[in-house]
Amino acid sequence: MKATGIVRRIDDLGRIVIPKEIRRTLRIRESDPLEIFTDREGEIILKKYSPIGEMNTFAKQYAESLCQVSGHVALIADRDQFIAVSGGFKNLLGKSLSRELEDKINNRETVIASKGDKGFISLTQDVTDEFLHEAISPIICEGDVIGAVVLISSNEKVKMGEVEQKLIQSASGFLGRQMEQ
C-alpha cells in the first residue's frame with residue numbers, strides 16, 4: 001500500500017472526504033459506488049465497485065458468443081476498463097477506457113465508425129488502436145450506464161453496419177437486463 005501523506009478527519013455523520021487529486025487519479029466520479037473492505041490490521045480499503053465486473057465469467061462467455069456470431073473481436077467493458085475480450089486484441093483486457101469512450105457511453109451514444117471518420121474514437125488511454133472499424137453500445141441497468149459492448153475489426157473490406165449495430169444493441173440490452181435480476 002502506498003502512503004499519500006494526506007490526513008482527513010471523520011465528520012459527525014461518519015463521513016470522510018476523498019481528496020480531489022485521488023478521485024481524479026483513480027477516476028472516481030460523484031455517485032460512483034465504492035466497496036468497503038477491512039483487514040485484520042484494522043485497515044479500511046475502498047475499491048471502486050463494478051456491478052458488471054461481478055459477472056466476469058458470464059461476460060467472457062458472452063464476448064465469445066458475440067465474437068463467433070459477428071466474426072469480429074468482441075469486448076465488454078465496465079465504466080473503467082475492459083473486463084472481457086474475445087477474438088484477438090487480448091492486450092486490451094484490463095486496460096482503462098479512453099476519455100472519449102467514457103464520454104460516449106456516459107452520454108448513452110451508440111457509435112458505428114471507421115478509422116478516418118469524424119466519429120471514430122480511441123478505446124483505451126495507453127494502447128494504440130490497430131483496428132479499422134468499431135461499433136460501441138452502452139450497457140444500461142436500471143437507468144444507469146454500467147459499461148459497454150464493443151465490436152472491432154481490422155479487416156479493410158468488412159465495415160460495421162446495421163447488422164453490427166443491432167447486434168451490439170441487443171447484447172447491451174441483454175446484459176443490462178441480466179444485471180437487474
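Arg99 is partly exposed, at 44% relative accessible area. By the cut-offs here, buried is under 20% relative accessible area, exposed is over 50%, and partly exposed lies in between (1.4 Å probe, protein chains only). This is a predicted model: local features need pLDDT of at least 70, side-chain atom pairs count only at pLDDT 80 or more, and totals for chains, interfaces and linings use all residues. Residues are numbered from 1 along each chain as its sequence is written, and side-chain values use heavy atoms, with hydrogens and water left out.

Which residue does Arg99 pair with in a salt bridge? Glu102, with the closest N and O atoms 3.9 Å apart. A salt bridge here means a side-chain nitrogen of Lys or Arg within 4 Å of a carboxyl oxygen of Asp or Glu. Glu102 is buried, at 5%. Helices (H or I, at least four residues) and strands (E, at least two) are DSSP runs, numbered from the N terminus.

Now the helix itself. α3 spans residues 99-106, and its buried residues are Leu101, Glu102 and Ile105. Seen down the axis, these fall within an arc of 100°, so they line one face of the helix. The arc uses directions from the helix axis to the C-beta atoms. Just after α3, Arg108 takes a positive phi of about 60°.

Arg29, Asp80, Arg99 and Glu102 are linked by salt bridges. Asp80 and Arg29 meet at 3.9 Å, N to O. That pair links distant parts of the chain, 51 residues apart.
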